[in-house]
2 protein chains.
Amino acid sequence: MQLVQEQKCFGGRQIRYQHESQSLNCSMQFSVFLPPQAEQGAVPALYWLSGLTCTDENFSSKAGAQRMAAELGLALVIPDTSPRGEGVADDPQGAYDLGLGAGFYVNATEAPWNKHYRMYDYVLNELPALVEAELPLSGKRAISGHSMGGHGALVLALRNPERFVSVSAFAPISNPTDCPWGHKALSAYLGEDRAAWAEYDTSLLLKAKGCALPMLVDQGEADNFLAEQLKPQALKAAAEHVGAELTLRLQPGYDHSYYFIASFIEDHLRFHARHLGC
Amino acid sequence: MQLVQEQKCFGGRQIRYQHESQSLNCSMQFSVFLPPQAEQGAVPALYWLSGLTCTDENFSSKAGAQRMAAELGLALVIPDTSPRGEGVADDPQGAYDLGLGAGFYVNATEAPWNKHYRMYDYVLNELPALVEAELPLSGKRAISGHSMGGHGALVLALRNPERFVSVSAFAPISNPTDCPWGHKALSAYLGEDRAAWAEYDTSLLLKAKGCALPMLVDQGEADNFLAEQLKPQALKAAAEHVGAELTLRLQPGYDHSYYFIASFIEDHLRFHARHLGC
């Protein structure tokens, strides 16, 4: 992996890298924040998955997460939201909710998406293997994300609880088999086989398999996407059904933006740090 | 003034307004953060002046200032960096350091700039009068800014110490009569009369008039613009010459970006809050 940019931040290092991804079959950029403690030895990492239209830069520049990550000694690993570059398929109409910036953290099986869109494998396997080989990371992992990225974080954790110690999300797409964003993305990337969709639906996965990991979810009550797209009540019902350890907080007045994320990111970092032991 | 957008943030309100500016002879947008304490009564305000190419959104979304402002009970008032809109002159070559996004906080006297470019009057008089009439602000003011905005904050405070209780800056253009950014802007906006330039040069103003206000300046030592454009040593020499209360901190490894600002904004807000009595 090649260094693109490095900037000092809260005594640590905010770094952008480029590499050739095998999973995605294209060149990718991602960002990492290494806290000051990483100068002395390996530190645990929080993987952050961003939402529709984002790159690795939105969370890096807008969430204000580095302050608390530096205090706790926690690295942040922030991938892009889709494959990128020449030859990577995009929505023919250029819609924001399919194609570039909208990988949905799935392994696509349908053409033309299946040539590059394998964000599930990328985030689960390739990226951790890369950064843990190259950077002072201990291999202890937590995962979080926003909206589409909250969906991604929950799906990855529910399907691979041995890889993470805790999972959290801001305004996740909690039941994508039952909302317009999910219908559009899952039918394009996976075809019409609903059994394949269910492997990427947090509420269905939780209901079917339970979850041993602690889960923290924040949801703004003034979020424009709440009723139609996000559906935290499906997640809550699934958690109650299986007795999972879900803390769902409805935050009055907050919307879907990074102002909402910034307001509560400290709580999420402290939550993960407790479980990571840092 | 008309509300453009309002978003809850750290228990307070991040708001964007639009109004017709008399000073600038055009329609302007600006942002305000009102801390939760503003629901109970009037609060003091920190005016933040941004740097070249910025609007009111950069500081609002990237500095992470709302967290501490909410804790301290301090409002943030964040103007744009130049007049805007149809008919507002811009650099013929579209350069980033003259015209739109580069008002330099001066009252231009030269055509074509003098029709709109009166950011000095706008920030000193029109904007405070407007927001203090319309919002729960106590009229106690501090001022800060970054780069071109650090220059603006220092110039406004040095020339009008009765208006502010304290001033701070990140990587200010400290001696614009002696750097390329300053030469270009001041000669365009003010013509070739060097006496007019001196009214907008922090180091010359400080040396000539002294300063009764406490001043805090942070400067990254890895800032690409440090030697050619920013020249904090001129400010330091002027402060020593007149015995002014300047704290100049050189921060090893930090660059000119918002990661630098975010890392130290808490110190600046606490500094101003001490002097504002909040």
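Me: Which residues does A:Ser166 touch, not counting residues up to four places away in sequence?
Reply: This is a predicted model. In it, A:Ser166 touches A:Arg141, A:Ala142, A:Ile143, A:Leu213, A:Pro214, A:Phe271, A:His272 and A:His275, leaving out residues up to four places away in sequence.

Me: Where does A:Ser166 lie?
Reply: A:Ser166 is in the loop between helix H4 (148-159) and strand S7 (167-170) of chain A.

Me: Is A:Ser166 buried or exposed?
Reply: A:Ser166 has 0% relative accessibility, so it counts as buried. The cut-off for buried is under 20%.

Me: And which side chain does the side chain of A:Ser166 make a polar contact with?
Reply: That of A:His272, at 2.8 Å. A:His272 is also among the residues that A:Ser166 touches.

Me: What does A:Glu199 form a salt bridge with?
Reply: With A:Arg159, and the closest N and O atoms are 3.9 Å apart. A:Glu199 sits in the loop between helix H6 (194-198) and helix H7 (202-209) of chain A, while A:Arg159 is in helix H4 of chain A, so the pair ties together parts 40 residues apart in sequence.

Me: Chain B now. What does B:Glu266 form a salt bridge with?
Reply: With B:Arg67, the closest N and O atoms being 2.8 Å apart. B:Glu266 belongs to helix H10 of chain B and B:Arg67 to helix H2 of chain B, so this pair ties together parts that are 199 residues apart in sequence. B:Glu266 is partly exposed, with a relative accessible area of 25%, whereas B:Arg67 is buried at 17%.

Me: Which residue meets B:Glu132 in a salt bridge?
Reply: B:Arg141; the N to O distance is 2.7 Å. B:Glu132 is partly exposed, with a relative accessible area of 22%, and B:Arg141 is buried at 15%.

Me: Which residues of chain A are linked in a network of salt bridges?
Reply: One such network links A:Arg67, A:Glu71, A:Glu266 and A:Arg270.

Me: Which elements give two or more residues to the side of chain B that touches chain A?
Reply: Strand S1 (2-9), helix H1 (56-62), helix H2 (66-72) and helix H10 (258-276) of chain B. H10(B) gives the largest share, four residues. By class, that side of chain B has six nonpolar, nine polar and five charged residues.

Me: How many residues are in contact, and what area is buried?
Reply: 20 residues of chain B are in contact with 20 residues of chain A. The two chains bury about 1,800 Å² between them, with 52% of it on carbon and sulfur atoms.

Me: Last one. What rotation superposes chain B on chain A?
Reply: A rotation of 180 degrees, with 0.0 Å of shift along its axis and an RMSD of 0.0 Å. The two copies are therefore related as by a two-fold rotation axis.

Me: Which C-alpha of chain B is nearest the axis?
Reply: That of B:Lys62, 2.5 Å from the axis. The same surface serves both copies, as 100% of the contact residues of chain B recur in chain A.

Technical notes:
Residues numbered from 1 in each chain as written. Chains lettered and ligands numbered in written order. Predicted model: local features only at pLDDT ≥ 70, side-chain atom pairs only at ≥ 80, totals over all residues. Heavy atoms only, no water. Contact = heavy atoms within 4.5 Å. Buried area = accessible area lost by both parts, 1.4 Å probe. Nonpolar A, V, L, I, M, F, W, Y, C, P; charged D, E, K, R; others polar. Least-squares fit on C-alpha atoms with pLDDT ≥ 70 in both. Buried < 20%, exposed > 50% of the residue type's maximum accessible area, 1.4 Å probe, protein only. Polar contact = N/O pair within 3.5 Å; in protein donor to acceptor, adjacent residues only side chain to side chain. Salt bridge = Lys/Arg side-chain N within 4 Å of Asp/Glu carboxyl O.
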